[in-house]
Amino acid sequence: MPSSPFIRVERLTKRYGAAAVVDGISFDVDRGELLTLLGPSGCGKTTTLRCVGGFIEPDAGRISIDGKDMTGVPPYRRHLGMVFQTYALFPHLSVSENVGFGLRVRGVAGSELSSRIARALDMVRLGGFGDRLPRQLSGGQQQRVALARALAYEPRVLLLDEPLSNLDARLRVEMRTEIRALQLQLGVTALYVTHDQEEALSISDRVMVVNHGRIEQLSAPWELYNRPRTRFVAGFVGTANILPARLEPVAGSLTLHVADRFFLALPSPEGLAPGDVWLVVRPEAIVLGPADAPDGASGELVAVTMLGAQFRAAVRFGGEHLVQVDIAHGGTALAARVGDLVSLRFDAGRIVMLPREPT
């Protein structure tokens, strides 16, 4: 018999005036899972997180943790650890005093207090920093202190609200790896809020994409990237080429006509009906070739950008459509030059088609 979810959110709604910031969303989080809430600014992800934490009272809906209804339960009784975007450290207190502050409020004292502070600092590799003040630490170290403070509670749920947004790019990558490793090591259930898609895909068991207070898609990272279910998800998560297309029946099968420029014969047309669609294809699922290559769409190479281990080529075809193509260079310069005519060949097995409303 499958176990019940550790966190259950049912029809959660929060309004500010007439606007529903969170609009009746429902989702579950399994014990020990890291679920990331991903979306643009103002989409409702932080409000959702704070409702789960008890910092904001929802207007409607129900939140349960470990089978217990959290309605009316204050944050300090939910047994949560919270990591804020701004670190929220007391500047006049030492690292150890910051980490132990919440424990003291909860009545922890003596050797148990010292032991839990030391253990939390060791977890985040700050064992020798207890006597320092926050101003003596780097941004990454301050964020580790904030994380240690949350872990010192020995929480059953860890809430992280944009915890890395104030760090530089290198530190963000380093810290997200550390957070994920700690979360797995401790087995703690975690809700993580970010607007950074790469961050979300790299650390999550599942990702929930939120837009205008509603869930667009809740999936494992691989599925979210490779099988987006809405045009918003396709455009928000990673780089995607989204082109108008039309499915037409031809000799008992379906053919995909793309932007009135070329067509693809579909190997598996089951479940697809004729009509207008959006074609979604990732840059790495397109092959750039010479202009006379068969089974390709011809276009003009208008830009090439170096992205470390790969080139990103921009090809214009049909006068208005710009397609991004990623090319692993293997240490060799790209043969084509800006202004050349080239061909595009789409991997039919890696395209996604989404419904398109008639104009």
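Predicted model: local features only at pLDDT ≥ 70, side-chain atom pairs only at ≥ 80, totals over all residues.
**Notes on the sheet and its helices**

1. Residues are numbered from 1 along each chain as its sequence is written, and side-chain values use heavy atoms, with hydrogens and water left out.

2. Staying with Leu191, its place is in strand E8 (helices, H or I of at least four residues, and strands, E of at least two, are DSSP runs numbered from the N terminus). What is Leu191 in contact with, once neighbours within four places in sequence are left aside? The list is Ile7, Phe27, Val29, Leu35, Leu37, Leu49, Val52, Leu158, Leu159 and Leu160 (contact is heavy atoms within 4.5 Å). Ser204 sits 13 residues from Leu191 in sequence, and the C-alpha to C-alpha distance between Leu191 and Ser204 is 9.5 Å.

3. Now the sheet itself. E8 belongs to an open sheet of 6 strands in the order E6-E7-E8-E3-E9-E10, and the pairing is mixed (strands pair if DSSP finds at least two bridges between them). At the edges are E6 (80-83) and E10 (214-219), each pairing on one side only. On average, neighbouring strands of this sheet are turned by 15 degrees against each other, direction ignored (axes are lines fitted to C-alpha atoms, for helices over the stretch in contact, with angles from 0 to 180 degrees between N-to-C directions).

4. E6 pairs with E7 (residues 157-161) in the parallel sense, over 4 bridges, and Leu80 stands opposite Val157 in E7. E3 and E8 also run parallel, joined by 5 bridges, with Leu34 opposite Ala190 in E8. E3 pairs with E9 (residues 206-211) in the parallel sense too, over 4 bridges, and there Leu37 stands opposite Met208 in E9.

5. Is E3 enclosed or open? It is largely enclosed by the rest of the structure, because 5 of its 5 residues are buried. Both faces of E3 are covered: Leu34, Thr36 and Leu38 are buried on one side, and Leu35 and Leu37 are buried on the other.

6. H1 (residues 45-53) lies across E3 (34-38), E6, E7 and E8 (189-194), and runs at about 150 degrees to E7. H4 (residues 139-152) lies across E6 and E7, at about 170 degrees to E6.

7. H4 also packs against H5 (residues 169-186), at an angle of about 20 degrees and with the axes 11 Å apart. That makes H4 roughly parallel to H5 (under 35 degrees is roughly parallel, over 145 roughly antiparallel, 65 to 115 roughly perpendicular and the rest oblique). On the H4 side the contact residues are Gly140, Gln143, Arg144, Leu147 and Leu151, which meet Leu171, Glu174, Met175, Glu178, Ile179, Leu182 and Leu186 in H5.

8. H3 is the partner to look at next. The axes of H3 and H4 come within 8 Å and cross at roughly 135 degrees, so H3 and H4 are oblique to each other. Arg116, Ala120, Leu121 and Met123 of H3 make this contact with Ala148, Leu151 and Ala152 of H4.

9. H3 (residues 110-123) meets H2 (residues 95-105) as well, with axes that come within 10 Å and cross at roughly 125 degrees. H2 is therefore oblique to H3. Here Val95, Ser96, Val99, Gly100, Leu103 and Arg104 in H2 meet Leu113, Arg116, Ile117, Ala120 and Leu121 in H3.

10. Last, the cysteines. How many disulfides does a search of the whole structure find? It finds 0 (a disulfide is a pair of cysteine sulfur atoms within 2.5 Å).

Note on methods: Buried < 20%, exposed > 50% of the residue type's maximum accessible area, 1.4 Å probe, protein only.
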